[in-house]
Amino acid sequence: PLYSSAASDVYKRQILAIRSELDYPDPLNDRVLAEIHRIQKSYPQGFQAGLDRSARYLPHIRAEFEKAGLPNDLVWLAMVESQFIPRIDSRVGAGGMWQFMPSTGSRFKLQRDHYIDERYDWKKSTQASIQYLSKLYEMFDSWPLAVSSYNVGEGAIERAIASNGGQRDLWQLMDTGAASKRIPRETKRFYPKLLASALIANNPEKYGFTSTPDPAEATETIQVSSAYMLEDLEKAAGLSAGTLGKLNTQFRYNYTPPNRTTNLYVPVGTGSRIQSALPKLKPLRPDTHVVRRGATLSGIATMYQTSARELMRLNNIKSANRLQVSQRLVIPGRLGSGANTSTSTTVSGSRQVY
């Protein structure tokens, strides 16, 4: 068959990606050795927990990375970013297992609005990370540069390369005057940390860790068309408390969105049971807010562009200091599609920071 030049180039890049692996220095250089030492001495318990946790997600992630032609050890980028925690925020606002900033998540079609943030949907964010990493590799034709760009942005790495006369060896860029100054300290550690994490994860006993994997996550997907508290669905279906919350970290306030059909991850074999229970449950009104731990009335009022006084009046609240976890508040005006989709305010207090 005949191929266009552009199609041929894409094909060549795909084949190259399949055949290439991460660029391990031989022998290991001081930067990689320093990251191995840091993992062993500074946060061994956290790394071990991440290593155990990774087994829940790696069967799916490995299969998707292999399908996309990405290097095997690139899956450990999720260890570097989040220790395989699906719902986690960085200090600068990156979120999820693959640590997408809101703007970058939007570039790769991760939905984010008042009710849902798909940066915390580990399956969808895995697909977004595959797209982003593939794009970066096509741009730089180098995994060290592509991975570093994943951390700091492609523009910063391009400027570092330009400042050093087009030099494209990451190790030299990090240690050479003008380029070195353009690469943040965190980014200088990023690729070495990936290599160190992969080396340890692939041979944990050698480095003082153990192989005690968690069971793989086994789910099926059903569709829900109204707003239901996840805890109500759990009770109706006879599931342990917290089961659906752990599987659906993309829901910002532990209930499914109103006025739309959305996917819900459920344990394998329970989908029909949950769907049978839905007609017996009373869905939330679309103007309901469920109070999460750490929330304040003023914070909730700010989120909905109303006042604490109006919330107190509408909900017959006598004191602003008496909110209770899981209390349901009626919000002035209907939310639905009119919710503010750009807000990043967090009132749940339930997210972890790594």
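These are my notebook entries on a predicted model of one protein chain.

**Entry 1: the overall picture**

I started with the whole chain. I counted 16 helices and six strands in its secondary structure. Of its 354 residues, 50% count as buried. I then looked up how far apart in sequence the contacting residues sit. Among contacts with a separation of 6 or more, 68% join residues 24 or more positions apart.

**Entry 2: helix 7**

Next I asked how many of the ten residues of helix 7 are buried. The count is eight, so helix 7 is largely enclosed by the rest of the structure.

**Entry 3**

As a reminder to myself, an α-helix has 3.6 residues a turn, so residues three or four places apart point the same way.

**Entry 4: helix 2 against helix 11**

I wanted a helix pair to look at in detail, and I picked helix 2 (residues 30-42) and helix 11 (residues 185-202). Their axes come within 8 Å and cross at roughly 65°. The crossing is right-handed.

Which residues meet there? From helix 2, I listed Arg31, Val32, Glu35, Ile36, Arg38 and Ile39. From helix 11, the partners are Lys188, Arg189, Pro192, Lys193, Leu195, Ala196, Ser197, Leu199 and Ile200. Sorted by class, this contact has eight nonpolar, one polar and six charged residues.

**Entry 5: strands 2 and 3**

Then I turned to the strands. Strand 2 (residues 219-224) and strand 3 run antiparallel, joined by six bridges. One place to check in the viewer is Thr219, which stands opposite Pro267 in strand 3. Is strand 3 (residues 262-267) mostly covered or mostly open? I found it mostly covered, with five of its six residues buried.

**Entry 6: backbone angles worth a look**

I then collected some exceptions.

The peptide bond from Asp26 to Pro27 is cis, with omega near 5°. Pro27 sits in the loop between helix 1 (5-19) and helix 2.

Phe84 is not a glycine, yet it has a positive phi of about 60°. I located Phe84 in the loop between helix 4 (77-82) and strand 1 (88-89). Is Phe84 buried or exposed? It is buried, with a relative accessible area of 0%.

Gln305, also not a glycine, has a positive phi of about 55°. This one belongs to the loop between helix 15 (297-303) and helix 16 (308-314). Gln305 is exposed, because its relative accessible area of 68% is over the 50% cut-off.

**Entry 7: around helix 16**

My last stop was Leu314, in helix 16. Its relative accessible area is 36%, so Leu314 counts as partly exposed. Leu314 and Leu329 are 15 residues apart in sequence, and their C-alpha atoms are 8.6 Å apart in space. What does Leu314 touch, leaving out residues up to four places away in sequence? I found Val330, Ile331 and Pro332.

I also followed Thr296, which lies in the loop between strand 4 (288-290) and helix 15. Thr296 is partly exposed, with a relative accessible area of 41%. From Thr296 to Ala320 the sequence separation is 24 residues, while the C-alpha to C-alpha distance is 7.9 Å.

Note on methods
Residues numbered from 1 in each chain as written. Predicted model: local features only at pLDDT ≥ 70, side-chain atom pairs only at ≥ 80, totals over all residues. Heavy atoms only, no water. Axes fitted to C-alpha atoms, helices over the stretch in contact; angles between N-to-C directions. Helix = DSSP H or I, 4+ residues; strand = E, 2+ residues; numbered from the N terminus. Left-handed = near helix turned anticlockwise from the far one by under 90°. Contact = heavy atoms within 4.5 Å. Nonpolar A, V, L, I, M, F, W, Y, C, P; charged D, E, K, R; others polar. Buried < 20%, exposed > 50% of the residue type's maximum accessible area, 1.4 Å probe, protein only. Pairing = 2+ DSSP bridges.
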